[in-house]
Amino acid sequence: MDVQKEVKSLRESMNMNRREFCEYFDIPYRTVTDWESGKRSMPDYVFRLMEYKARAEKMLVKDPDREPVQRCD
């Protein structure tokens with residue numbers, strides 16, 4: 001799983017900056033920063049849960065210019 005691209009893509013799909021994203025998911029800012037910079041990795045299930053929550057709460061922005069969030073398996 002390419003955490004850098006996946007997390008950033010999800011965050012941008014939600015139209016949030018990093019601070020808002022961290023507050024929404026209640027994840028420390030430093031953790032998300034490390035995920036996006038590739039310094040830390042996250043378990044695949046954590047990303048799936050984050051994406052599920054965003055979809056369930058209809059937080060994903062429907063922007064035709066933006067590519068949909070895709071998981072790398």
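## Ground rules

The model is predicted, so a local feature needs a pLDDT of at least 70 and side-chain atom pairs count only at pLDDT 80 or more, while totals for chains, interfaces and linings use all residues. Residues are numbered from 1 along each chain as its sequence is written, and side-chain values use heavy atoms, with hydrogens and water left out.

## The nonpolar core

Let's start on the inside. The largest nonpolar core has 18 residues, and the ones touching the most other members are Leu-10, Met-14, Phe-21, Trp-35, Met-42 and Met-50. Two or more core residues come from each of helix 1 (3–13), helix 2 (18–25), helix 3 (29–37) and helix 4. A nonpolar core here is a set of buried Ala, Val, Leu, Ile, Met, Phe, Trp, Tyr and Cys residues joined through side-chain atoms within 4.5 Å. Helices are DSSP runs of H or I with at least four residues, numbered from the N terminus.

You'll find Phe-47 in helix 4 (residues 44–56), and Phe-47 counts as buried because its relative accessibility is 0%. The word "buried" stands for under 20% relative accessible area, "exposed" for over 50%, and "partly exposed" for what lies in between (1.4 Å probe, protein chains only). Phe-47 and Val-7 sit 40 residues apart along the chain, yet their C-alpha atoms are separated by 7.5 Å.

## How the helices pack

Two packed helices are described by the angle between their axes and the distance between the axes. The axes are lines fitted to C-alpha atoms, for helices over the stretch in contact, and the angles run from 0 to 180 degrees between N-to-C directions. Angles under 35 degrees count as roughly parallel, over 145 as roughly antiparallel, 65 to 115 as roughly perpendicular and the rest as oblique.

How do helix 2 and helix 4 pack? Their angle is about 90°, with the axes 12 Å apart, and that makes helix 2 roughly perpendicular to helix 4. On the helix 2 side, the contact (heavy atoms within 4.5 Å) is made by Phe-21, Tyr-24 and Phe-25, and on the helix 4 side by Met-50, Lys-53 and Ala-54. Sorted by type, these contact residues are 5 nonpolar, no polar and 1 charged. For that sorting, Ala, Val, Leu, Ile, Met, Phe, Trp, Tyr, Cys and Pro are nonpolar, Asp, Glu, Lys and Arg are charged, and the others, Gly among them, are polar.

Helix 1 and helix 3 meet at an angle of about 125°, with their axes 6 Å apart, which makes helix 1 oblique to helix 3. Helix 1 brings Val-3, Gln-4, Val-7, Lys-8 and Arg-11 to this contact, and helix 3 brings Val-32, Trp-35, Glu-36 and Ser-37.

## Salt bridges

Side chains of opposite charge can pair when their charged atoms come close. With a salt bridge taken as a side-chain nitrogen of Lys or Arg within 4 Å of a carboxyl oxygen of Asp or Glu, the count comes to 6. One of them joins Glu-36 and Arg-11 at 2.7 Å, N to O. Glu-36 lies in helix 3 and Arg-11 in helix 1, so this pair ties together parts that are 25 residues apart in sequence. Glu-36 is buried at a relative accessible area of 10%, and Arg-11 is buried at 10%. A network of salt bridges links Arg-11, Arg-18 and Glu-36.

Glu-51 pairs with Arg-55, their closest N and O atoms being 3.1 Å apart. Both lie in helix 4, 4 residues apart, about one turn of the helix. Glu-51 is buried, with a relative accessible area of 10%, whereas Arg-55 is partly exposed at 46%. There is also a salt bridge between Asp-2 and Lys-5 (3.7 Å, N to O); Asp-2 is partly exposed at 26% relative accessibility, and Lys-5 is exposed at 61%.

## Two positive phi angles

Where is Asp-26 found? Asp-26 is in the loop between helix 2 and helix 3. Asp-26 isn't a glycine, but has a positive phi of about 55°, and counts as exposed at 70% relative accessibility.

Lys-58, in the segment after helix 4, is another non-glycine residue with a positive phi, near 55°. Lys-58 is exposed, with a relative accessible area of 73%.
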